[in-house]
Amino acid sequence: MRDQGGSLRLRTGRRRIAGIAALLAVIAVAAAAIATTAGGASARTNGKPTITLATNSWEGSLANNVVAQYVIQKYLGYKVNLVTIDEIPAWTAMAQGKMSAVLEEWGHSPQYSQYIKKGHQVIDAGQEGPNGNIGWYIPTYLLKQHPELKNWKGVKKDWKLFVTPQSSPQGQFLDGAPSYVTNDQALVKNLKINLKVVFAGSEAAQLTQIETSYKQKKPIIFYWYTPQYQNAIYKFSQVALPAWTPKCAKLKPAQINCAYPPYHLYKVMASTLRKTAPPVANFLRRFSWTPNEQNSVAYNLAVKHMSNDQAAAAFAAKHAKQIKSWLSKKTPYTKVLPPAAGT
Amino acid sequence: MSPPSAASSLASAEAPPPFLIDVGRLGRRLAPLAVGIAICIAGVALSGFHKGFPAKWVLGGGVPNWFDRADSWVQTNQSSNFFLHHIIGGLGSFLNSATNDLVSALHWLTWVGVLILAVLVAWLVGRWKTAIFAALMVSSFGILQIPNGGPNGISDMWQPAMTTLSLMAVAIVISTIIGIPLGVASAVWTPVSKTLRPILDVAQILPAFAYLVPIVVLFSIGNPAGIVATVIYAVPPLVRFTEVGIRTVRRDVIEAGEAFGATRRQILRDIQLPLAAQAIMLGLNQVIMMALSIVVIASLVGAGGLGDPVLQALQTQDLGMGAVAGLLIVFMAMWLDRTSAALGKHATRRVGVGKRLTRPQLAILWGGLLVVVLVAQYGLNLGDWPSGWGFSIVDHVTNGMNWVTNQLTHVSESLSSFLTLHVLNPLQAFLNDFPWWLMAALVGAAAWARGGPRRAILLVGCVALMGLMQAPVGYTFQGVTSYDFSAWGDAMQTLSLVIVALVLDLAVGIPLGIAAYRWRAADAVLRPILDFLQTLPAFVYLIPVVALFGVGNLAGVTASFVYALPAAVRATTLGLRAVQREVIEAGQSFGSTRWQLLLKIELPIARPYITLAVNQTILLVMAEVVVAGLVGAGGLGLDVVTGFSRSEVGLGAAAGLTMVLMGIVLDRLSQTRQTQGGQG
């Protein structure tokens with residue numbers, strides 16, 4: 001009996017809730033109707049398509065994008081969205097036409113040949129300016145204590161400095177985000193250095209570890225690169241590896257025994273962009289700057305917590321001429337050098 | 001899942017007199033041993049005395065290769081294939097526009113409208129306290145600001161919060177549309193239930209990271225991918241709660257219905273469903289909590305909202321910003337949790353909860369809200385939160401966290417090196433050299449002893465499959481992709497992390513659970529902390545964990561430990577509370593002291609619950625193993641993260657599957673016959 005009564009009362013309760021739900025639904029639909037009429041227009045501003053730029057996991061990539069976003073929105077009148085995405089998925093998205101451009105590519109010769117050379121869904125958007133440098137680094141205080149660490153032979157001798165519980169009984173070599181393709185395991189093996197490569201799993205974890213060691217002035221050796229705004233905060237020195245040669249580049253990944261190849265950082269865009277937004281395509285090809293310029297914007301974003309817009313405006317205020325030259329069709333642009341094999 | 005009654009565990013403790021030789025019992029004792037020996041012999045015959053798993057045993061060209069081929073097929077056929085283009089693509093754009101419409105709708109309501117709506121709903125379904133709580137939580141999205149260049153150098157999180165709210169709403173509606181019918185179907189038709197159960201198991205054990213890769217392949221990045229990931233993660237509890245709710249409607253009530261000549265459909269609609277409403281509402285509440293716990297992961301595939309600042313903070317190692325953004329996710333979870341819990345009670349009409357307003361009264365309320373919104377929107381031109389109204393605690397949080405980290409560094413460093421050198425490394429080395437057949441034999445024997453031959457066959461199969469997931473040596477695909485994936489070795493590495501995290505969780509969690517049961521004060525202190533830990537995204541504490549313990553396995557163990565601790569504490573307390581009053585009083589009448597009672601009566605009776613605690617802790621630790629991959633713990637977690645971030649679909653999917661197999665083995669091994677039977 002009690003159950004029956006309960007279910008009866010429950011019916012009225014349900015009806016009331018249904019009432020609330022219906023009302024909410026009506027409000028939502030009404031609002032949605034208003035929104036779609038308004039929103040339909042916003043997807044295309046004045047008939048101009050929205051531009052999407054891929055932001056990769058390092059701060060320099062964001063620095064490129066905020067400045068490009070500022071210039072495109074302010075001077076060319078297109079809406080720009082920044083989408084956070086990893087490097088390889090960004091190529092796929094560009095090929096599908098879902099991503100407009102990537103403004104900092106490191107290597108990626110397989111993707112270069114697959115999408116630019118063969119598929120033509122992605123096209124060359126010129127060089128970015130800075131040259132990328134990847135390699136083995138140590139804090140400068142460590143180099144001062146142990147000058148022999150200037151090259152790999154010193155590391156081979158002093159491996160005991162780098163022993164940690166995690167790598168014990170070997171020394172530890174700290175690698176970063178797993179999305180960065182590295183040769184460190186092969187290098188350690190082929191140069192017969194008694195180090196164990198430990199993957200930090202994310203750049204954030206790697207950097208936190210470096211910071212902790214740096215504060216305590218402890219020995220640490222790690223995979224690192226320039227341009228990187230952190231280089232303005234910490235003093236790192238590069239450890240020389242056996243010089244890179246094109247012959248070494250042809251080796252299988254597991255046999256590599258030389259330094260990382262030089263990287264000419266470059267830009268790419270979806271091939272459709274030339275037709276859908278020609279002024280943007282022209283600008284993106286001519287957009288180029290120096291590592292210091294990029295670092296200053298990255299620093300303002302990451303350390304000074306400026307908003308994207310503020311950081312871009314601060315740059316634009318000092319570089320009006322440069323922006324003008326990016327926008328002029330007369331400015332020549334540098335074509336991309338095909339990335340070195342094995343990168 | 002309904003826990004076993006205390007009575008049944010008492011009954012099973014009865015044993016035959018020890019001096020009689022019971023042949024049947026001896027047979028039952030010896031069978032697992034025989035099974036173990038048989039597996040060992042078969043294993044040695046197949047692969048010899050081999051350490052680990054033979055590298056040459058690869059399933060049909062390698063499981064990773066299947067996924068790489070599927071991925072490449074999808075990429076080439078995305079625009080020409082009907083299913084991919086119209087069904088998947090259409091679903092994607094529907095989800096996208098639904099979310100965007102909701103975001104615009106919330107924007108149209110203005111901040112005043114959203115706030116009043118939240119308060120009004122909370123007040124209607126709950127008490128005044130619920131309403132005030134809702135008001136506080138919703139305003140926190142505007143008030144707690146982060147340094148991101150607003151007018152005073154800070155800006156509010158209103159917009160991201162509204163985006164997250166919209167994403168959650170769409171995901172929850174879709175989960176309901178899928179979950180409740182599936183739950184009803186599996187309650188009504190046993191075959192459906194039997195088919196669904198393993199699928200739900202897999203969906204619950206599979207780390208979200210593992211299916212992010214295929215989702216991105218199908219839906220590309222953005223809101224739809226985030227919603228799909230959320231639904232997969234959140235729907236299983238709803239299906240389970242609905243099924244259990246309908247199945248546990250008392251037989252006599254249904255018979256009464258049958259006596260009145262009701263058809264099966266009428267019984268379902270008018271008796272079973274209404275009576276199951278409370279269970280269904282509990283399931284919905286779970287959906288909301290699960291969905292909110294995946295907000296940051298959804299941001300990894302391009303869904304916006306509150307997950308973005310958490311990831312951004314991780315990228316720039318901004319402790320304070322990550323913590324504040326994570327806190328806002330916790331606040332949203334708490335708000336929706338309280339309101340939906342009140343709604344659940346309201347729907348099932350517990351006395352004294354919610355309002356009973358007449359129709360005209362309701363009409364006035366809603367009409368009033370509409371007027372307020374119209375005035376706010378068109379009269380006052382209000383929009384999102386007024387940016388000046390708020391402050392930032394980020395710097396204080398950062399300084400506080402840095403201070404704590406600095407104080408703890410010396411202790412944590414010695415602890416870290418002790419645990420790594422003397423526990424983790426030896427355990428890892430031991431498991432790494434462990435032959436696969438010996439592992440299969442141990443698992444088979446244990447499974448036979450706990451669940452009989454069927455479970456033994458299932459689990460031995462899972463162990464063998466774990467090893468078979470590997471990629472062939474020197475694997476390459478289309479000349480572009482190449483990676484090593486030795487599933488067995490990586491699984492053993494992960495197993496060592498899981499074991500250490502589990503032991504730590506139980507060592508800390510069970511005493512805390514007992515303390516919360518014994519002392520009211522301990523419960524009062526622990527409850528908010530556990531609530532907080534349970535909903536705080538793990539991404540927030542990754543950086544402090546690395547700062548304290550350094551990159552490596554121990555950082556991963558710590559992250560998993562923190563994540564699973566609330567479950568261990570809660571299940572212990574719950575188990576102890578379920579001990580019946582009469583049993584305790586009987587003990588007291590024999591003159592037992594408080595501690596005697598606890599050790600001799602309460603804990604033994606609560607044992608099935610503590611087994612459940614072990615089981616839940618294992619599953620949560622497994623779920624966190626992938627996040628552990630982000631702070632330098634190797635093994636399957638790192639494989640999944642690598643597969644995801646390099647778009648190596650085969651690696652990510654095969655490592656995810658290995659993790660599922662391992663999860664199934666650990667889950668089934670930690671369930672007794674009773675607890676599994678209780679799952680229905």
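I began with a charge over a ring: the charged end of B:R518 sits over the ring of B:W519, 5.2 Å from its centre. I used this rule: NZ of Lys or CZ of Arg is within 6 Å of the ring centre and within 35 degrees of the ring normal. I noted B:R338 too, which lies over the face of B:F133 at 4.2 Å from the ring centre.

The model is predicted; local features need pLDDT of at least 70, side-chain atom pairs count only at pLDDT 80 or more, and totals for chains, interfaces and linings use all residues. Residues are numbered from 1 along each chain as its sequence is written, chains are lettered from A and ligands numbered from 1 in the order in which they are written, and side-chain values use heavy atoms, with hydrogens and water left out.

**Ring pairs**

I looked up aromatic pairs next. Rings of Phe, Tyr and Trp (its six-membered ring) pair if their centres lie within 6.5 Å; planes under 30 degrees apart are stacked, over 60 edge-to-face, the rest tilted. The count over all chains is 27 aromatic pairs. A:W289 and A:F315 are edge-to-face, because their ring planes stand at 90 degrees, with centres 5.3 Å apart. A:W289 is in the loop between α11 (278-286) and α12 (291-302) of chain A, and A:F315 is in helix α13 (residues 308-318), so the pair ties together parts 26 residues apart in sequence. Helices here are DSSP runs (H or I, at least four residues), as are strands (E, at least two), numbered from the N terminus.

I checked burial: buried means under 20% relative accessible area, exposed over 50%, partly exposed in between (1.4 Å probe, protein chains only). A:W289 is buried at 3%, and A:F315 is buried at 4%.

B:W57 is partly exposed at 21%, whereas B:W436 is buried at 7%.

I also logged a cluster linked by ring pairs; its members include A:W106, A:Y141 and A:Y263.

**A:Q322**

I placed A:Q322 in helix α14 (residues 320-327) of chain A. A:Q322 is buried, at 18% relative accessible area. Neighbours within four places in sequence aside, A:Q322 contacts A:S288, A:W289, A:E293 and A:F315; contact means heavy atoms within 4.5 Å.

**Chain A overall**

I listed 14 helices and 11 strands in chain A. Buried residues make up 53% of its 343 residues.
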